Amino acid sequence: MGPVELLHMSVFSQSFSPCGRFLAAGNNYGEIAVFSLSAALSPDASEASQKPILNFTAHDGPVFSLLSTDTHLLSAGNGEISAWSWAELIKKSTKAAWTRKPSYETSLEIPEINAMIINPKENSLIVGGGDNNIHIMDMETGIFKSVLKGHTDYIHCLCFKEREEEILSGGEDGAVRIWDSRTNRPVHCIEVFKYEECARPQFGKWISCLATDSDWMLCGGGPSLSLWHLRSMSPTSVFPLPGCQREAVFYQDLIMSVGEGPHVSHCLHGGTVKAQIPCTPSSLNTLALNLKNTEHRVMTVGGSSHQIDVFTNFSYRAFSLSF
């Protein structure tokens, strides 16, 4: 890849292998890079350890979403999802195990797939994107068995609330919709931009990040990042972060968030921003925590750069992997 491509590279997605020893990242050129975290974190790591063990083109357009199952890496681009066996990727083999397309109403447009999550109870894959709908695929058969309709604009993000078996979806229409995955029926719709304390009309109403932790939900985008109590359906804290947030996660007693600006924000549940940790990219799209094994417990952050920052302790950048 030439210097111009590197200059304009963005990392959109990442996922850790089931064993926690590898990281896959997807970029705007349709490439997936696989890094060995065990090599990069070893005491005698060299510069070469921070390069991919494998780099291949997976999709025509950007790799908007990556997700790992117990055996496979799932990648989503424009209108299609491909599965790659982790065992094969580690052996540097890049033949897709399968590729599937949701059934779209019109064959003219190829909507991007922005988000994928697994419903572990039903062993189904839930995907959302550019056609405003949520498509649910049975992982055993590969058949798309249902479509959830309600968003009036494209879907940016999804998360799953295991105890209630609820799907949460956030979209360009400014709504967070909550669905019962057992009946596929809508349960609630929260229009975040209508709450004065969250609204930022200058940024728009779109919701670009969602996360849940038991009765709590994080959401943000155009509106400020906010923490909601799902029983009362009201925002309890609004975080004073200046830009639009693209990914936020719960971690122990903290909330970690990335978006516009070159840092990871550490926030307390009460609404204060405790720290802002500097990063290499000037703008961030994706944050992931590898909590699968203590040996490779890292946070990785990617965005408008070919470099992915690795944090071994979550308060400073240890080194960067590079595409």
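Modeller: One term to begin with: a polar contact is a pair of N or O atoms within 3.5 Å, and within protein one must be able to donate a hydrogen and the other to accept it. Keep in mind that this is a predicted model.

Biologist: Which backbone atom does the side chain of Asn-119 reach?

Modeller: The backbone nitrogen of Glu-122, at 3.3 Å. The side chain of Asn-119 also has a polar contact with the side chain of Ser-181, at 3.5 Å.

Biologist: Where is Asn-119 found, and is the residue buried or exposed?

Modeller: Asn-119 belongs to strand S9. The residue counts as buried because its relative accessibility is 1%, and the cut-off for buried is under 20%.

Biologist: What else does Asn-119 touch?

Modeller: Leaving out residues up to four places away in sequence, Asn-119 touches Ser-124, Ile-126, Phe-160 and Ser-181.

Biologist: Next, Ser-265. Which strand is that in?

Modeller: Strand S23, residues 263-268. Ser-265 has a relative accessible area of 2%, so the residue is buried.

Biologist: Which side chain does Ser-265 have a polar contact with?

Modeller: That of Gln-276, at 2.9 Å. Beyond its neighbours within four places in sequence, Ser-265 is in contact with Leu-241, Ile-255, Met-256, Ser-257, Ala-275 and Gln-276.

Biologist: Switching to rings. How many aromatic pairs does a search of the whole structure find?

Modeller: The search gives 5. One of them is Phe-56 with Trp-84.

Biologist: Why is the pair of Phe-56 and Trp-84 called edge-to-face?

Modeller: Because the planes are at 65°, and over 60 degrees counts as edge-to-face. The ring centres of Phe-56 and Trp-84 are 4.8 Å apart. This pair links distant parts of the chain, 28 residues apart: Phe-56 is in strand S4 (residues 54-57) and Trp-84 in strand S7 (residues 81-85).

Biologist: How accessible are Phe-56 and Trp-84?

Modeller: Phe-56 is buried at 8% relative accessibility, and Trp-84 is buried with a relative accessible area of 5%.

Another edge-to-face pair is Tyr-195 with Trp-228, 4.8 Å centre to centre and with 80° between the planes. Tyr-195 lies in the loop between strand S16 (185-191) and strand S17 (207-213), while Trp-228 lies in strand S19 (residues 226-229), 33 residues apart.

Biologist: Are Tyr-195 and Trp-228 buried or exposed?

Modeller: Tyr-195 is partly exposed, with a relative accessible area of 28%. Trp-228 is buried at 0% relative accessibility.

Biologist: What sits over the ring of Phe-314?

Modeller: The charged end of Arg-297, 4.8 Å from the ring centre.

Key:
Residues numbered from 1 in each chain as written. Predicted model: local features only at pLDDT ≥ 70, side-chain atom pairs only at ≥ 80, totals over all residues. Heavy atoms only, no water. Helix = DSSP H or I, 4+ residues; strand = E, 2+ residues; numbered from the N terminus. Buried < 20%, exposed > 50% of the residue type's maximum accessible area, 1.4 Å probe, protein only. Contact = heavy atoms within 4.5 Å. Phe/Tyr/Trp six-rings, centres within 6.5 Å; stacked < 30°, edge-to-face > 60°. Lys NZ or Arg CZ within 6 Å of the ring centre and 35° of its normal.
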